[in-house]
Amino acid sequence: MRIVVEGLAFGEGPRWHEGRLWLSDMHGHQVLAVTDDGSGPGQVEVIGEVPTQPSGLGWLPDGRLLVVSMTDRRLLRLEPDGTWHEHADLTSVATFHCNDMVVDSAGNAYVGNFGFDLGTKGVAPVPADLALVRPDGTVTVAARGLDFPNGSVITPDGATLIVAESVGRRLAAFDIAADGTLSGRRVWADLDRGVPDGICLDAEGAVWFADPRANRVVRVAEGGEVLASIDADRGCFACMLGGPGRRTLYVLTASTSQADKAAAERTGQVVAVDVDVPGAGTP
């Protein structure tokens, strides 16, 4: 792996968009865009500040950026004048911090949340509901009772949503109806001891998932067969296929996810490795 960016507090939510890698520096409270030509360190642009911890990213059909604001459980929208506006209030669905998100071509956003206070020892995991936010900001429940819904992808045909259940140690799949509603929940892959955080999809229909506990990213087929695994020197929290032909696997790594420690130590990195199978689907 080559280092593209270092000195982040804690990177999450990577997206390949308009020739750049976009991501949230969650504990640095910034949304960033990185230009990477493969010849050296990437050029980083600060897109905006989000003091309530940015996470998942996506775009409306008109090009406006959506950002999950974690601790106040909101979805924010960046207007052309550079100001943030509330796109949706997620408190009716989210029972704790919101996290990752995927936005489809129509502007429907599927947003996960922790379900419980992950940072408090001894607290039993509580299943969480996945939120569906319409382009007009209307919020409904897309799916109930997921075990820590996290990274999500939509297949190229727009027919299937795959979501990582971090506590459940599996990838779940849903059929997407024309109106954006979900049905047909099923286990897409049982990951055994794997803990999926951020995920991305490739052109052969396999999913790469970041496994922070095992310091690795893993490529898995539907049904659970492990096709490849790449080790890192610290926790891997999210991944995205981008670059020329979308054949670069970008991985967001850090030595800790604890907010204060991450902000002080800044061990977060974006690292990259070339792969054979290009990215596909959304994001």
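I take two strands as paired if DSSP finds at least two bridges between them, and strands themselves are DSSP runs (E, at least two residues), numbered from the N terminus. The model is predicted, so I kept in mind that local features need pLDDT of at least 70 and side-chain atom pairs pLDDT 80 or more, while totals for chains, interfaces and linings use all residues. Residues are numbered from 1 along each chain as its sequence is written, and side-chain values use heavy atoms, with hydrogens and water left out.

Entry on the strands. I looked up β7 (residues 65-69) and found that it pairs with β8 in the antiparallel sense over five bridges, with L66 opposite R77 in β8. The two form a hairpin with four residues between them, and R73 in the turn has a positive phi of about 55°. On the other hand, I also followed β8 to β9 (residues 84-89), which is antiparallel to β8 and joined to it by five bridges; here L78 stands opposite W84. The hairpin of β8 and β9 has five residues between the strands, and G82 takes a positive phi near 90°.

Entry on the pockets. I counted as a pocket an open set of points on a 1 Å grid over the protein atoms alone, where a 1.4 Å probe fits, with protein on both sides within 12 Å along at least five of seven lines; lining residues have an atom within 4 Å of a point. The second largest pocket holds about 240 Å³ of space, a volume being the space filled by probe spheres set on points joined across faces, edges and corners. Of its 14 lining residues, H17, W59, V103, T282 and P283 are the closest to its centre.
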